[in-house]
Amino acid sequence: MSITKETELLGMEKASEAVACTLKEMRNYAQPGMTTKQLDNYGAKILMDFGAKSAPYLTYGFPGCTCISVNNEFCHGIPSDNRILKEGDLVNIDVSAELNGFWSDNGSSFVLGEDINQHQKLVDASKQILRKAIYNIKGGVRISDIGHLIETEAKKGGYKVIKNLTGHGIGRSLHEEPGEIANYKNRFNQARFRKNAVVAIETFISTTSTYAETLNDGWTMVGNKGGFMAQHEHTIIVTDGKPIILTEMNGVWN
């Protein structure tokens with residue numbers, strides 16, 4: 001989607017407020033002893049209060065309102081009554097939604113409670129790399145150059161990137177062109193970011209794996225070589241200068 005008029009900007013701001021506030025509140029609400037289904041139900045109510053609808057449910061029939069992945073689960077984790085959160089868990093919440101025809105997406109990995117399993121360093125790397133990537137995006141910049149930046153920064157910290165999970169265009173549906181904003185330099189991708197385009201930029205920073213594989217439940221993805229992954233995501237508008245970060249109020253960088 002390209003922002004061409006004020007009503008589109010306002011629509012994207014409202015949808016982004018819904019997903020950003022939901023993510024922030026879910027992170028604050030999460031605690032050891034709670035099930036991921038309880039956490040998802042809490043998020044579902046916040047989205048409903050905004051009048052927003054779950055994007056993964058609308059688009060794919062996902063069995064939950066938000067994706068909640070824990071520890072070795074990389075993404076698309078199904079909220080469950082059987083999954084009980086524990087102190088020190090590495091948790092990822094991905095919240096995307098539709099509101100009045102506009103779609104927005106954001107996500108965050110975080111350590112629940114005390115960092116007894118030493119995941120915080122990975123989480124911080126993912127956050128910092130996302131910030132650096134976003135502030136290097138403007139109209140005319142090659143998408144593959146941002147991928148190169150993300151992978152280079154990951155390697156500096158001793159990490160890898162997941163090559164088959166990517167950011168994407170967004171706005172009038174959950175996934176739009178550009179279809180793949182990868183975390184590595186794809187030399188075959190000659191596309192550039194376009195001014196006024198709306199995109200979801202995501203980091204997928206990993207300890208040991210470079211590809212994500214789907215489990216038998218048909219949704220949850222884990223690493224091809226195991227390990228852990230941290231993901232952070234913002235929906236932004238590309239400009240000629242600093243991008244507009246529509247989901248910044250999720251507080252991930254605070």
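**View 1. Residue classes in the lining of the largest pocket.** Ala, Val, Leu, Ile, Met, Phe, Trp, Tyr, Cys and Pro count as nonpolar, Asp, Glu, Lys and Arg as charged, and the others, Gly among them, as polar. On that basis, the lining of the largest pocket comprises 10 nonpolar, 10 polar and 5 charged residues. The model is predicted, so that local features need pLDDT of at least 70 and side-chain atom pairs count only at pLDDT 80 or more, while totals for chains, interfaces and linings use all residues. Residues are numbered from 1 along each chain as its sequence is written, and side-chain values use heavy atoms, with hydrogens and water left out.

**View 2. The second largest pocket.** A pocket is, on a 1 Å grid over the protein atoms alone, an open set of points where a 1.4 Å probe fits, with protein on both sides within 12 Å along at least five of seven lines, and its lining residues have an atom within 4 Å of a point. The second largest pocket holds about 200 Å³ of space, a volume being the space filled by probe spheres set on the points, which are joined across faces, edges and corners. Its lining has 13 residues, of which E177, P178, R192, R194 and A197 are the closest to the centre.

**View 3. The cysteines C21 and C65.** With a disulfide taken as a pair of cysteine sulfur atoms within 2.5 Å, the count is 0 disulfides. C21 is in no disulfide, the nearest cysteine sulfur, that of C65, being 14 Å away. The sulfur of C65 is 9.5 Å from the closest cysteine sulfur, in C67, and therefore too far for a bond.
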